[in-house]
Amino acid sequence: MTEAILLVGGKGTRLRPLTVYTPKPMVRAAGVPFLTHQLARARAAGVEHIVLATSYLAEVFEPYFGDGSAMGLSIEYVTEEEPLGTGGAIRNAASRLRSGPDDPVLVFNGDILTGLDIRALVATHASTGADVTLHLTKVSDPRAYGLVPTDGTGRVLAFLEKPGTPEEIVTDQINAGAYVFRRSVIDTVPAGRPVSVERETFPELLASGAHLQGMVDSTYWLDLGTPAAFVRGSADLVLGRAPSPAVPGRCGDRLILPTATVAGDAKLAGGTVVGEGAFVAEGARIFGSAILPGAVIEPGAVITDSLIGTEARVGTRSVLTGTVIGDGAVIGPDNELRTGIRIWPHTHIPASAVRFSSDQ
Ligand code: GTP
């Protein structure tokens, strides 16, 4: 097993409030572009050749990861002219694969943070002789996901659309976005047009009698679909809850990157990361947040579960909870910003301009 396709294209992959130009896989989580964690985990599981399938801005990946040799990988880049969907992207990337027709090829969604045992997924694929093996995870509230029921041996029975009624919740297993395909199965996906693996490829394979195997692995799993989830993921990487060999330092309550400056009495906890060149002033308190490189946190600011963009500034005594502050934005002193707010890059919020709690 040496090859993988990593899907990092499609429509919803830019973390737009942070910066117009940074695609989500390149936003820093625990100090490095998120994609680094996936690449490092794949490498640790024995993958040597990776095809990065993207549909836009491929030029942001290549200057950073190059040919992959710095990570012990060989990385190739394939860019779709128009997004081809997950199945179409896999088919399109297959032209770069080196495997034989019966060899296993790993495929990963680029927006999932997981502790999946990749070797176990490959071993399950080999031992069951499946055409495709899927990582399935169990969620407490399956209403937002397509469901994947299996029989007693783990063989997939169906791919069900999001359940609309309680009766339709027949399982708590969902597609976790990591697969092993037999190489020749990828060649059966139609080329040159958008194809969804979940809505088209997998149901058609099932209907044709193919063997789709599920492997339930209830390890750490997080869909980074929202900025809030992204912040959570970064903190979990720092805390060591989400295992990654690419965290640049020891896991713990906080990660302070080289050239960052943190005042002695500032309090950092809950998996907070402070990026290169960032400055955290005295009396600041930061919990479970990602402070990106060059950001400035002024005295007494209190920041919780937030993403503070590159070179953004948070003013004295401002209180931010569950926020996303775009690159270069300035939040003046004495503001109070709450969950869900996203401040566009380079926006300037004046002093004492926003509050939620009653005046004192
Ligand atoms: P479809 O199955 O194609 O309908 O996409 P989806 O909406 O179910 O996929 P989702 O948006 O959950 O994305 C899953 C992963 O596939 C993410 O890592 C995306 O970056 C990636 N992805 C989605 N669409 C495309 C695409 O058109 N091209 C490429 N290269 N990757 C994609």
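Buried means under 20% relative accessible area. The views below come from a predicted model.

**View 1. Helix α1 is largely enclosed by the rest of the structure.** The helix covers residues 34–44. Nine of its eleven residues are buried, so the helix is largely enclosed. The buried residues are Phe34, Leu35, Thr36, His37, Gln38, Leu39, Ala40, Arg41 and Ala42. Glycine 46 follows α1. The phi of glycine 46 is positive, near 100 degrees.

**View 2. The largest nonpolar core holds 28 residues.** Ile5, Val132, Leu134, Phe181, Phe202 and Leu212 touch the most other members. Several elements give two or more residues to this core, including β1 (3–7), β8 (132–138), β9 (173–182) and α6 (197–207). The largest share, four residues, comes from α6.

**View 3. Valine 132 and its contacts.** Neighbours within four places in sequence are left aside here. Valine 132 is in contact with Tyr179, Val180, Phe181 and Val185, among others. Its contacts also include Phe202, Leu205, His211, Leu212 and Gln213. His125 is another of its partners.

**View 4. Another core lies apart from the largest one.**

**View 5. The chain is divided into two domains.** Domain 1 covers 3–223, and domain 2 covers 253–349. Their centres, taken over C-alpha atoms, are separated by 33 Å. An unreviewed UniProt entry places the feature "domain: Mannose-1-phosphate guanyltransferase C-terminal" at residues 252–352. That span is 0% helix and 40% strand. Its end C-alpha atoms lie 34 Å apart.

Conventions. Residues are numbered from 1 along each chain as its sequence is written. This is a predicted model: local features need pLDDT of at least 70, side-chain atom pairs count only at pLDDT 80 or more; totals for chains, interfaces and linings use all residues. Side-chain values use heavy atoms; hydrogens and water are left out. Domain bounds come from an automatic or database domain assignment. UniProt positions are given in the numbering used here, feature names are shortened, and annotations may be inferred rather than shown by experiment. A nonpolar core is a set of buried Ala, Val, Leu, Ile, Met, Phe, Trp, Tyr and Cys residues joined through side-chain atoms within 4.5 Å. Buried means under 20% relative accessible area, exposed over 50%, partly exposed in between (1.4 Å probe, protein chains only). Contact means heavy atoms within 4.5 Å.
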